[in-house]
Amino acid sequence: MSADTVHKFNNKQSFNDFINNNEYVVIFFTATWCGPSKMISPIFTKLSEEHLEVKFVKIDIDELEEISQTYDTRTLPTLKFLHSSAVVDEFIGTNLNELFNKVRNFSDQTSANK
């Protein structure tokens with residue numbers, strides 16, 4: 001697999017269309033200048049390759065500030081877990097065990113709801 005499992009957008013409309021057309025989405029809010037986000041980024045990509053039933057999105061808050069404001073992102077790195085376009089969970093920081101557990105639990109929900 002390649003990094004193509006992580007989706008990126010250059011405008012709010014294409015992002016919104018994607019969110020509205022996918023039931024389970026994890027959004028990773030990041031910035032190029034944020035050291036902790038740089039640390040999480042390759043792990044986020046690896047998780048996207050392991051959990052194909054979930055869509056993974058990366059948003060640079062400096063490029064798409066309006067989206068980060070919509071999701072009330074104040075700290076980096078932040079991940080928002082969406083089910084049917086609604087935020088159902090959140091991860092802030094760099095605790096890798098917590099990140100792995102949240103993604104695994106979220107991914108498990110996709111199977112339980114089928």
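A pocket here is an open set of grid points where a 1.4 Å probe fits, with protein on both sides within 12 Å along at least five of seven lines. This is a predicted model. Its largest pocket has a volume of about 200 Å³. The lining is made up of 13 residues, and those closest to the pocket centre are Lys-8, Thr-30, Lys-58, Ile-59 and Asp-60. As for elements, α2 and β3 are the ones that give two or more residues to that lining.

Next, helix α4, residues 96–112. With 17 residues, α4 reaches 24 Å from its first C-alpha to its last, close to the 24 Å expected at 1.5 Å a residue. Which residues of α4 are buried? They are Leu-99, Lys-102, Val-103, Phe-106, Ser-107 and Thr-110. These residues sit on the same side of α4, because they cover an arc of only 125° around the axis. Their cover includes β2, α2, β3, β4 and β5. On the face turned away from the buried side are the exposed residues Asn-97, Ser-111 and Ala-112. The N-terminal end of α4 is capped by Asn-95, with a side-chain oxygen 3.2 Å from the backbone nitrogen of Asn-97.

Last, helix α1, residues 12–20. Phe-15, Phe-18 and Ile-19 are buried in α1. Their arc around the axis is only 100°, so they lie on the same side of α1. Among the elements covering them are β1, β2, β3, α3 and β4. The face of α1 turned away from its buried side carries Gln-13 and Asn-20, which are exposed. At the start of α1, Asn-11 brings a side-chain oxygen to within 3.1 Å of the backbone nitrogen of Gln-13.

How values were computed
Residues are numbered from 1 along each chain as its sequence is written. This is a predicted model: local features need pLDDT of at least 70, side-chain atom pairs count only at pLDDT 80 or more; totals for chains, interfaces and linings use all residues. Side-chain values use heavy atoms; hydrogens and water are left out. Helices (H or I, at least four residues) and strands (E, at least two) are DSSP runs, numbered from the N terminus. The expected span of a helix is 1.5 Å times one less than its number of residues. Buried means under 20% relative accessible area, exposed over 50%, partly exposed in between (1.4 Å probe, protein chains only). The arc is that of the directions from the helix axis to the C-beta atoms. Contact means heavy atoms within 4.5 Å. A polar contact is a pair of N or O atoms within 3.5 Å; within protein, one must be able to donate a hydrogen and the other to accept it, and residues adjacent in sequence count only if both atoms are side-chain atoms. On a 1 Å grid over the protein atoms alone, a cavity is a set of points where a 1.4 Å probe fits but cannot get out, and a pocket is an open set with protein on both sides within 12 Å along at least five of seven lines; lining residues have an atom within 4 Å of a point. Grid points are joined across faces, edges and corners, and a volume is the space filled by probe spheres set on the points.
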